[in-house]
Amino acid sequence: MTSPFDPIDLAGMRLRNRLVMPAMGRARAFGPGNTATDSMATYYAQRATAGLIITEGSQPSVVGQGFPNTPGLHSAEQIAAWRRVTDAVHAEGGTVFAQISHVGRVGDPALLPDGLIQVAPSAVAAPGRLFTLDGMKDFGTPHELTSQEVRETIVDFGRAAHNAIEAGFDGVELHAAYGYLIHQFLAPSANLRTDEWGGSVEGRVRFAAEVVAAVSAAIGARRTGIRISPGIRYNGIEEPDLEPTYVQLVRRLNETGPAYLHLVEDSRDLTGILRKEFSGTLILNPATDGFTGAEDLALIEDGTADMLSFGALFLANPDLPARLRAGGPYNTPDETTYYGGTDRGYVDYPSLNA
């Protein structure tokens with residue numbers, strides 16, 4: 001029987017165990033130009049006993065930012081600052097991927113220069129409100145990307161992935177979940193296009209598939225992962241054709257061969273379907289009533305997933321792998337730092353928990 005504490009080969013990269021620290025939004029890039037800080041290096045190095053660390057999302061371009069103090073991967077200063085983080089993790093024997101996250105229509109235009117506004121597949125505002133330094137605000141109507149701008153955005157992802165490797169990361173994870181840009185292209189509630197980037201399932205899947213292909217071309221498929229959240233209704237996402245959309249997506253991914261698929265679970269049935277379809281490693285963030293816990297380790301033992309991601313518990317317990325192996329004790333996560341008391345949309349903003 002496979003143990004969660006067994007090493008695993010991730011597309012040729014040997015990981016010390018099967019426990020993953022997923023990307024968790026922190027908004028602590030207080031350095032000039034949204035750069036990583038020494039405190040971020042300490043934070044990630046403390047958790048280096050994870051089999052794989054995936055950092056908080058970094059925007060691939062200026063217009064990809066939607067929240068204050070989030071880091072980027074599009075400038076020389078950002079690359080140099082992230083190098084301090086990767087060096088710190090590697091000094092502790094850890095493996096670390098950068099999550100590349102473009103918010104699309106989800107964000108605050110006040111953060112963008114020169115009168116820019118958020119962009120999206122269609123000029124449809126997300127419902128609800130967002131957190132800003134000036135309090136909660138309604139989402140605005142985004143700029144609808146032209147076909148040429150869609151292609152330029154794909155190039156931005158590839159360039160950011162190249163920058164991540166230059167910064168010392170072992171690979172990158174593409175954020176195609178939680179209603180951000182890649183997810184917006186997948187969802188008919190956000191993507192009303194009738195050109196090659198929308199309409200049919202094949203059209204809506206195309207952007208995600210081409211981003212993965214571009215990043216794989218830039219840094220290698222073995223260094224590329226992608227995170228999805230089918231059925232998770234954040235930021236106005238509605239997906240009535242869930243199974244055909246994600247089966248088609250996974251089949252397109254298999255053509256490129258990324259190292260892993262990181263699945264934020266809503267349906268165990270869909271997990272089983274995608275598990276059979278995907279040719280690489282499956283990382284699972286399982287559907288739970290709270291946060292991922294020790295009881296979920298059985299999902300590795302029974303083959304439901306290859307690796308398991310722990311959000312809130314990793315924040316509260318930097319040495320989580322040792323505590324899981326020993327059966328505890330565990331520090332209890334502060335429920336004010338994550339949405340709805342679950343790992344679904346984890347956030348740890350300094351305004352909530354410094």
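Guide: Let's start where helix 5 has just ended: there Gly 220 takes a positive phi of about 100°. Helices here are DSSP runs of H or I with at least four residues, and strands are E runs of at least two, both numbered from the N terminus. The model is predicted, so to speak of local features we need pLDDT of at least 70, and side-chain atom pairs count only at pLDDT 80 or more, while totals for chains, interfaces and linings use all residues. Residues are numbered from 1 along each chain as its sequence is written, and side-chain values use heavy atoms, without hydrogens and water.

Helix 5 itself covers residues 201-219 and reaches 28 Å from first to last C-alpha, close to the expected 27 Å (1.5 Å times one less than its number of residues). At Phe 207 the helix bends by about 30°, the angle between axes fitted to the seven residues ending there and the seven starting there.

Phe 207 is also buried, as are Arg 204, Val 211 and Ile 219, among others in helix 5; buried means under 20% relative accessible area with a 1.4 Å probe, protein chains only. The buried residues of the helix pack against partners including helix 3 (147-166), strand 11 (224-228) and helix 6 (242-256), with contact meaning heavy atoms within 4.5 Å.

Phe 207 returns among the residues with the most contacts inside the largest nonpolar core, which has 76 residues. Helix 5 gives this core its largest share, eight residues. Such a core is a set of buried Ala, Val, Leu, Ile, Met, Phe, Trp, Tyr and Cys residues joined through side-chain atoms within 4.5 Å.

Definitions and conventions: Buried < 20%, exposed > 50% of the residue type's maximum accessible area, 1.4 Å probe, protein only.
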